[in-house]
Amino acid sequence: MKIAGLLLAASALFAVPTAANATVVFDVVNGVSSTQAIAFTAGSASTAVTLSGYDVPSFSSFTNIYLYAAGSTTNLLGTHFSFTPAACGSLANEFGGSTTGTNNLSFGGTCTGSYDSFAQTIATIAGASYTLGFNANFSGGGESAGNAGLRADVSNAVAAVPEPGTWALMILGFGAVGYGMRRRRATTTSVAFA
C-alpha cells in the first residue's frame, strides 16, 4: 500500500500539462485604455482567438489587433471575425482603419456584463509561441465613463512557464517521495532465553 502511494505521488509529478479549453488572457472591467502584447504557447494545431466586450452607455473597443508567431511580424489573423451577439441585445461592430490589416472591434451594449463576442480560428503549431496584441480602448477619454468590460480568450493555450506555486508543489512532492523511500521502520529485536 505504501509503494502504491509513492507511485501515485511520483506519477503526479511527471504528468504532462494539457491545454485549457479556453484561457482568459485579458479581462478588465471599468479599466483604463492600454496597449497589450500577450504571449502564449499553442496547445494544438488550431487556436481560436475571441475578443469580447460591452459598454453601457458608451462604446469601448479593441484596435490594431494582431497575432504573431514568435520571431515574426506577419499578422496571422484575417480581416473579419465571426460574431456572436450578447443575449440581451447588441451594439457591437467591426470597422476599418487598423494598422495591422485586421478589423477593429467596437462594443456598446444594453446590459451590463453581457458580452458581444468576435472570434477567429487560426492554424497554429502545437508547442509554438505566439503573441496576441491589441489596444484596449475604454470610453470617456481613456477611462470608462460607465459600465464597461473587455475580455480576450485564447483556446488551447498552454502556460509557457510554470507559476511559482507549481514549482513549490513540485519540489515539495520530490521531497516527500524521497523521504518516503529513505524512511525505515524501527526494527525490534527480541531475545528469548530457554
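Leaving aside neighbours within four places in sequence, Leu105 is in contact with Leu51, Ser60, Ser61, Phe62, Ile65, Phe81, Asn93, Glu94, Phe95 and Phe118 in this predicted model. Leu105 belongs to strand S7. The residue is buried, with a relative accessible area of 0%, where the cut-off for a buried residue is under 20%. One of its contacts, Phe118, stands 13 residues away along the chain, and the C-alpha atoms of Leu105 and Phe118 are 8.0 Å apart.

Phe81, another contact of Leu105, is located in the loop between S4 and strand S5 (82–84). Although Phe81 is a loop residue, its relative accessible area is 8%, and Phe81 is therefore counted as buried. Beyond four places in sequence, Phe81 touches Leu51, Ile65, Glu94, Thr102, Asn103, Leu105, Phe118, Ala119 and Gln120.

The largest nonpolar core of the model comprises 26 residues, and Phe62 and Phe134 have the most contacts inside it. At least two residues of this core come from each of strand S2 (34–42), S3, strand S4 (60–69), S7, strand S8 (116–123), strand S9 (129–137) and S10. When neighbours within four places in sequence are set aside, the contacts of Phe62 include Phe26, Leu51, Leu105, Phe107, Phe134, Ala136 and Leu150. Ser52, Asn104, Asn135 and Arg151 are also among them.

The arrangement of strands was examined next. An open sheet is formed by six strands in the order S6-S7-S4-S9-S2-S11, and their pairing is antiparallel. Strand S6 (93–95) and strand S11 (157–158) lie at the edges; each has a single partner strand, so one side of each is left without a neighbour in the sheet. Strands of a sheet pair through backbone hydrogen bonds, either parallel or antiparallel. S6 is joined to strand S7 (residues 104–107) by three bridges, and the two run antiparallel. Within this pairing, Asn93 has Ser106 of S7 as its bridge partner.

Strand S10 (residues 147–155) is mostly covered, as seven of its nine residues are buried. S10 pairs with strand S1 (residues 22–29) in antiparallel fashion through seven bridges. Gly149 in S10 is the bridge partner of Val29. Strand S3 (residues 46–56) is also antiparallel to S10, and eight bridges join the two. Here Val56 has Asn147 of S10 as its bridge partner.

Several backbone features are found in loops and strands. The peptide bond from Val56 to Pro57 is cis, with omega near 15°. Pro57 itself is placed in the loop between S3 and S4. Asn30, although not a glycine, has a positive phi of about 50°. Asn30 is in the loop between S1 and S2 and is partly exposed, with a relative accessible area of 36%. A positive phi, near 50°, also occurs at Asn64, which is not a glycine either. Asn64 lies in strand S4, and this residue is partly exposed at a relative accessible area of 22%.

Helix H2 (residues 164–182) contains 19 residues and spans 27 Å from its first C-alpha to its last, close to the 27 Å expected at 1.5 Å a residue. The buried residues of H2 are Gly173, Val177 and Gly180. Seen down the axis of H2, these buried residues fall within an arc of 65°, so they line one face of the helix. An α-helix has 3.6 residues a turn, so residues three or four places apart point the same way. Pro164, Ile171, Leu172, Tyr179 and Arg182 are exposed on the other side of H2.

Confidence in the prediction was also considered. The chain has a mean pLDDT of 82, and 81% of its residues reach 70 or more. Over residues 6–20, pLDDT stays under 50, and the model has 18 contacts beyond four places in sequence for this segment.

How values were computed:
Residues numbered from 1 in each chain as written. Predicted model: local features only at pLDDT ≥ 70, side-chain atom pairs only at ≥ 80, totals over all residues. Heavy atoms only, no water. Buried < 20%, exposed > 50% of the residue type's maximum accessible area, 1.4 Å probe, protein only. Helix = DSSP H or I, 4+ residues; strand = E, 2+ residues; numbered from the N terminus. Pairing = 2+ DSSP bridges. Expected span 1.5 Å × (residues − 1). Arc of directions from axis to C-beta. pLDDT = per-residue confidence, 0-100. Contact = heavy atoms within 4.5 Å. Core = buried A, V, L, I, M, F, W, Y, C linked by side-chain atoms within 4.5 Å.
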